Amino acid sequence: MIFSDSQSSLLAIQDRNTSSPIVFGIQETLLHHQKQRLNVTIKWVKAHVGIQGNERADELARNAAEASTEIPCVEMSAPFSFAKRMLMQ
């Protein structure tokens, strides 16, 4: 079972018409597990509601981001205006 507080990510994974290579890769992985009869459940949890480990996961992610000296590069096949509109939504 996988828990995520990113509702937008879970909705993206459900979208069969995605153009995101990352989301597509996740979808393929889930399909592979399904074909192998491995039961994978993904559930959304509300952020910061006292779920054990949530605060710790946030802390580790924050530390990893601060420790990184490289700026991540994101490639998109869509115009910047599309990305900006999606982020605003």
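User: Where does glycine 25 sit?
Analyst: Glycine 25 is in helix 2, which covers residues 21-35. Keep in mind that this is a predicted model.

User: And is glycine 25 buried, exposed or partly exposed?
Analyst: Partly exposed, because its relative accessible area is 27%, which falls between the 20% cut-off for buried and the 50% one for exposed.

User: How far is glycine 25 from isoleucine 13?
Analyst: C-alpha to C-alpha, the two are 9.5 Å apart in space. Along the sequence, 12 residues separate them.

User: Which residues does glutamine 27 touch?
Analyst: Setting aside neighbours within four places in sequence, glutamine 27 is in contact with Ala12, Ile13, Gln14, Asp15, Arg16 and Thr18.

User: What does the side chain of glutamine 27 do with aspartate 15?
Analyst: A polar atom of the glutamine 27 side chain lies 2.7 Å from the backbone oxygen of aspartate 15.

User: What span should helix 2 have, and what does the model give?
Analyst: Helix 2 has 15 residues, so at 1.5 Å a residue it should span 21 Å. The end C-alpha atoms are 21 Å apart, which agrees.

User: OK, what comes just after helix 2?
Analyst: Arginine 37 does something there: just after helix 2, this residue takes a positive phi of about 60°. Arginine 37 is placed in the loop between helix 2 and strand 2.

User: Is arginine 37 buried or exposed?
Analyst: Exposed, because the relative accessible area of arginine 37 is 77%, and exposed means over 50%.

User: Switching to the strands. Where is serine 4, and is it buried or exposed?
Analyst: Serine 4 lies in strand 1, residues 2-4. Serine 4 counts as buried because its relative accessibility is 18%, with the cut-off at 20%.

User: What is around serine 4?
Analyst: Leaving out neighbours within four places in sequence, serine 4 is in contact with Leu10, Lys43, Trp44 and Val45. A polar atom of the serine 4 side chain also lies 3.0 Å from the backbone nitrogen of serine 6.

User: Which nonpolar surface patch includes Ile42?
Analyst: One of about 300 Å², made by Ile2, Leu38, Val40 and Ile42.

User: Zooming out, how many helices and strands are there in the protein?
Analyst: Four helices and two strands. From the N terminus on, the order is β-α-α-β-α-α.

User: How much of the protein counts as buried?
Analyst: 9% of the 89 residues. The protein exposes about 8100 Å², and carbon and sulfur atoms supply 56% of that.

User: Last one: what share of the contacts is between residues 24 or more positions apart?
Analyst: Counting contacts with a separation of 6 or more, 47% are between residues 24 or more positions apart.

Note on methods. Residues numbered from 1 in each chain as written. Predicted model: local features only at pLDDT ≥ 70, side-chain atom pairs only at ≥ 80, totals over all residues. Heavy atoms only, no water. Buried < 20%, exposed > 50% of the residue type's maximum accessible area, 1.4 Å probe, protein only. Polar contact = N/O pair within 3.5 Å; in protein donor to acceptor, adjacent residues only side chain to side chain. Contact = heavy atoms within 4.5 Å. Patch = residues over 30% accessible without salt bridge, like charges linked within 9 Å, V, L, I, M, F, W, Y side chains within 5 Å. Areas by Shrake-Rupley, 256 points an atom, 1.4 Å probe, with all protein chains shown as cover. Salt bridge = Lys/Arg side-chain N within 4 Å of Asp/Glu carboxyl O. Expected span 1.5 Å × (residues − 1).
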